[in-house]
Amino acid sequence: MSYEFLQHYWWFLVSLLGALLVFLMFVQGANTLIFTLGKTENERRLVVNSTGRKWEFTFTTLVTFGGAFFASFPLFYSTSFGGAYWLWMIILFSFVIQAVSYEFQNKLGNLLGTRTFQTFLIINGVLGPVLLGGAVATFFNGSNFIVDKGNITSMVQPVISRWANASHGLDALLDIWNVVLGVAVFFLARVLGLLYIINNVEHDNIVTRSRKQLGLNTAVFLAFFLSFLVHLLLKDGFAYDPQTGLIFIESYKYLHNLLSMWYLTLVLLVGVVSLLYGIARTLFSANFKYGIWFGGVGVVLVVLVLLLCAGWNNTAYYPSNADLQSSLTIANSSGSVFTLTAMSVVSLLIPFVLVYIFAAWRAIDRKSITEQEITEDESY
Amino acid sequence: MVSFVDVALSPFAIDKFCHTVTSSWIVGAVFVVAVSSYYLLKKRETELAKQSLKIAACVGFVASLLAGITGHHSATLVGKVQPMKLAAMEALCKGGESQSLTAIALVNPFKQYDYRSGEELACHVSIPYALSMMATHSMHGFVPGVNDLLDGYVKADGTREPSVAEKIVMGKAAVNALMTYRKAKTEGNQTLAQKMLPVIRANMKYFGYGYVENGDQIVPNIPLCFWSFRIMVGMGSFFVLFFAVLYFFCYRKEVSNARWLLILGICSLPMAYIASEAGWVLAEMGRQPWTIQDMLPTWVAVSDVGASSIATTFFLFLGLFTLLLVVEISILIKQIKKGPEYGK
């Protein structure tokens, strides 16, 4: 396996994990709707218990996404996590309070009260998708950092990557297009959350309210996402010369990427159709509750294509607005051949992990979420 | 990375993993003992508490022994791989053969120990030959002290361990050669780049010393290492004895009548956490300043994030996790007082 192949393979795996993560953020989306879908304490518990059975899938995928990035493209990891420090810290804190909130909210003696912990879930539900979406948007819009590998031999400050301003990542939110994608991901998470609740909770009032919310959230999601997509296809992109490694601006780079990698365009279209079919059929067919699966597959395919467009076809996936030549590409930021090869062997286990996740998911859902279930059985 | 197997099967990694897991078993066992003791003292949930104590006594005793074995193995590996950590946790200024292990001594916990003066420790009680035995598996094995490691010494196999001053020279040579190599590569000067490679390889072992200015920088906080080691080992030894006695009472006597043992069981709970934390303090403070031994000191491994940002994050973590700890303890106390729900 050539170095180039390994770099492309690992960008594919990282993109797939990112795509799965966006799908699994239905947990966050549904949590932002706790008080909208649940009008009584028991109804809110139903919603929380429904997402509570799945939140670990999202959490572990987030960690795996970060871990895979760390191992395969360590320079991105150190540049982004060390540089865009506050952005990632806020995401981290929001996920910390989410994790404990499930466990604590209905326990005796939790001191802060159920509502506080449900509010923590909402905070994570808003911050998680908005900031992760905004962070992903920087793959196309650029960030303000400087990379100089030669600094490792500097005795004064041997730091390879630096953020070019004091905001340490929060400046990403000053770019309107980062915010647009952040908001789009937020509403996408809510759409997926609604589709999931419709599928997972057996409670007429909650399902009726979910169907009512679905149209509005879909409309807002589409407005923001399509704006971003059109902007992306028309904007200049960050390309690099594979021979020299020099990075340059190319007009319509991402449109070119979709045209030259036509198979990705096909996948993108299939993804969009699948997502829209899942939503539309749930909206117009009162008994249809499998929208989450069509929507989920659609989202995974669309996000996968977007991330592949950011890194494949000689594209700089983490562009620097502060110093163009500092931009990161899959060629200049990856681990060594040995590391990527060793990890590729380990990656052969991924299908087994996926089968395990599938089996665990089915086992978890064997008992439907009903009012009786959450009062009589082990529940949050 | 050049060998996945070396990383995955590193003896140090396997030992640390086993030591961490077995010591966590102790924490779990002590927790069960404390809750069960509380129930027996309150004369409630008697049967459940007795059965739980039996299981906890077995698990705790085995775990304490295993933690002792893995801990001993860990100390031997520390002697080989992180000799400065071993010297620091013993407050050993000048090493030598047939070294005794300090059982207790008055080391000022608030002030770095003056290792250069080599003054005798006050109230020093030691176990003859034990340090040599622990570090080298030989009663007469050589164990270097802090000053030996700073000034260089001759090892058991006759080879000489360089002084820190010599390592700094070699480290700087490696760093400078790497700088020249990178510059030459950028400018397309292949001849110069190739010339630098042997210099880098020859001095790579001490690369991290290239960023060190003086020997004091590579000596960890001796009092912290010294006391955390003794707290961990002292409490670990207590647990071996405690679980053995508990086991005896559970299987040979009526444990619910041994009020003193039940009170001791409750009092042991914080000790298990303190012992566990002391182990982590020793592991992480003893390795200072190395994030990668001899290769990467902490001040080179840092991100370019200001001290104020780090301080803010620290206090945010402190506040949030303290709040969550208080909530967690409150929930646990309520749940323990409420007791189990049988048949559910």
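**Note on chain A**

1. Buried residues make up 48% of the 380 residues in chain A. Buried means that 20 or more other C-beta atoms, placed from the backbone, lie within 10 Å of a residue's own. This is a predicted model: local features need pLDDT of at least 70, side-chain atom pairs count only at pLDDT 80 or more, and totals for chains, interfaces and linings use all residues. Residues are numbered from 1 along each chain as its sequence is written, and chains are lettered from A in the order in which they are written.

2. The radius of gyration of chain A is 21 Å, which agrees with the value near 21 Å for a compact globule of 380 residues. That rule is 2.2 Å times the number of residues to the power 0.38, with the radius taken over C-alpha atoms. The C-alpha trace spans about 65 × 45 × 40 Å along its principal axes.

3. Chain A holds 16 helices and 6 strands. These are DSSP runs (helices H or I, at least four residues; strands E, at least two), numbered from the N terminus.

4. Look at helices α9 (residues 176-200) and α10 (residues 204-234) of chain A: they pack at about 150°, with axes 8 Å apart. So α9(A) is roughly antiparallel to α10(A) (over 145 degrees). Their contact has 19 nonpolar, 6 polar and 2 charged residues.

5. Strands β3 (residues 237-240) and β4 (residues 247-250) of chain A pair in the antiparallel sense over 4 bridges. Pairing needs at least two DSSP bridges. A:G237 stands opposite A:E250. Between the strands of this hairpin are 6 residues, and A:G245 takes a positive phi near 80°.

How values were computed: Axes fitted to C-alpha atoms, helices over the stretch in contact; angles between N-to-C directions. Parallel < 35°, antiparallel > 145°, perpendicular 65-115°, else oblique. Nonpolar A, V, L, I, M, F, W, Y, C, P; charged D, E, K, R; others polar. Buried ≥ 20, exposed ≤ 12 C-beta atoms within 10 Å, placed from the backbone.
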